[in-house]
Amino acid sequence: MKFGIMNLFPVSDGASDHQVLRDTLEEIELADHLGFDSVWLAEHHFSKYGILGSPVSFAMAIAERTKRITIGTAVLVLPLHNPLRLAEDIAALDVLSGGRVTIGVGRGYQPSEFAGFGIPLEESKVRYKETLDILRLALTQENFSYHGEVFHYDNITTYPRPFTPGGPPILQGTVSPENFRERGATGEAIITSPNFTPLGIMQKNFDLYRTAMQENGFDIASYDLPFMQQVWCGDGEEGLRAAAQAALNYYRSVGKVIPGSEQAMEKERAYYEAVAKNIELLTLEKTLTHGGNFGSAQQVIDTIELLREQLGINHYIGWLRIPSLDRRAALKSMEEFATKVIPHFRAQEPAASSAEAVAG
């Protein structure tokens, strides 16, 4: 089991943009020191919901200040990018970090972001597909041509070439059952962060993915299978409820940026309307029990073990810096997680390796 941390880069009341960026960089250096395996950076534009518009650029600073932690994006909003420039930046990051890069990508959902860049939301699907296709070509081939609906290139080579042969791993943000099945059938790596989705539904989705992989000759055991979740690790009712309240504040902020039914594409209106309705019905108690992984180190361990057993995940990404949660409380939670939760799973690894060796 690998462990990571997630960062949204929100600006809460009283904080400055400068402070958010510098504080987050310090937190990532601490995570590297504490033994976390990965850090994940979100991309957002034009609001304090998340102020990091260029995760790859910020990742350059992380690469120079850390030694071992893998740097991931969760996720790059592909329809908003020029695919060639993005390929160049990703390759440069891969070189500077010595191959410590994983690229999570997604289609995006916020109308204001698409409007700000002058890109029609209804073009998001075709732009996503073509940008992903071109990104893979640029990172794996020294010369390529491509002709789609949006992008047309002839005889292109991007530089620098990536440090990792074939380029860094690319994970696709996945939510719907159809996408779990489709990506399993083609052997695509995924990343997911299902908030308030019942475990039974998540299990069905992961089963769809696993079955489709097996039916098409892919070995899921060789894949990184990450899962993101808001986390608070500690003791005391006061800290527990403060973390849940911060998580509730975040979910309510999501309700302000998801598309309204008049803005969403026709096929997605029902989904976004349901999300908005669920957010309106949220309470502190519901957030505490279903909005993340909150509790003592043992409770957090139990939840992760349940997710590993039911879903088969092998890379747990804790969103420990929950937006609006007091920074000192978040850092204390991170240290508690690193000193009590991670060692619990690390202690299991030699036993697992020995068992595999005996079986072999």
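Tutor: Val75 has its place in strand S3, which covers residues 70-77. (Strands here are DSSP runs of E with at least two residues, helices are runs of H or I with at least four, and both are numbered from the N terminus.) The bond linking Ala74 to Val75 is a cis peptide bond, with omega at about 0°. Before we go on, a bit of housekeeping: this is a predicted model, so local features need pLDDT of at least 70 and side-chain atom pairs count only at pLDDT 80 or more, while totals for chains, interfaces and linings use all residues. Residues are numbered from 1 along each chain as its sequence is written, and side-chain values use heavy atoms, leaving out hydrogens and water.

Now let's zoom out to the sheet. S3 is one of nine strands in an open sheet, ordered S8-S7-S4-S3-S2-S1-S11-S9-S10, with parallel pairing. At its edges are S8 (190-191) and S10 (293-295); each has a single partner strand, so one side of each has no neighbour in the sheet. (Two strands pair if DSSP finds at least two bridges between them.) As a general point, strands of a sheet pair through backbone hydrogen bonds, either parallel or antiparallel.

How many of the residues of S11 are buried? Five of the five are, so S11 is largely enclosed by the rest of the structure. (Buried means under 20% relative accessible area, exposed means over 50%, and partly exposed is in between, using a 1.4 Å probe and protein chains only.) In a regular strand, side chains alternate between the two faces of the sheet. For S11, one side has His315, Ile317 and Trp319, the other has Tyr316 and Gly318, and all of them are buried, which leaves both faces covered. For the whole chain, buried residues make up 49% of the 360.

(Axes are lines fitted to C-alpha atoms, for helices over the stretch in contact, and angles run from 0 to 180 degrees between N-to-C directions; contact means heavy atoms within 4.5 Å.)

Two packed helices are described by the angle between their axes and the distance between the axes. For H1 (residues 17-34) and H12 (residues 327-346), that angle is about 15° and the axes are 10 Å apart. The two helices are therefore roughly parallel to each other, a label for angles under 35 degrees, with over 145 being roughly antiparallel, 65 to 115 roughly perpendicular and the rest oblique. Who meets whom? From H1 come Asp23, Glu26, Glu27, Leu30, Ala31 and Leu34, and from H12 come Arg327, Leu331, Met334, Glu335 and Ala338. By class, that contact has six nonpolar, no polar and five charged residues. (Nonpolar covers Ala, Val, Leu, Ile, Met, Phe, Trp, Tyr, Cys and Pro; charged covers Asp, Glu, Lys and Arg; the others, Gly among them, are polar.)

Stay in H1 a moment for Asp32. Asp32 is buried, at a relative accessible area of 10%. Leaving out residues up to four places away in sequence, Asp32 touches Thr66, Lys67, Arg68 and Ile69. Lys67 is 35 residues from Asp32 in sequence, yet their C-alpha atoms are 7.2 Å apart in space.

Finally, some backbone details to find for yourself. Another cis peptide bond joins Tyr159 and Pro160, with omega about 0°, and Pro160 lies in the loop between S6 (152-156) and S7 (170-173). Within S6 you'll find Asn155, whose phi is near 55°, a positive value in a residue other than glycine. Asn155 counts as exposed, at 57% relative accessibility. Phe46, with phi near 70°, is also a positive case other than glycine; Phe46 sits in the loop between S2 and H2 (55-65) and is exposed, at 53%.
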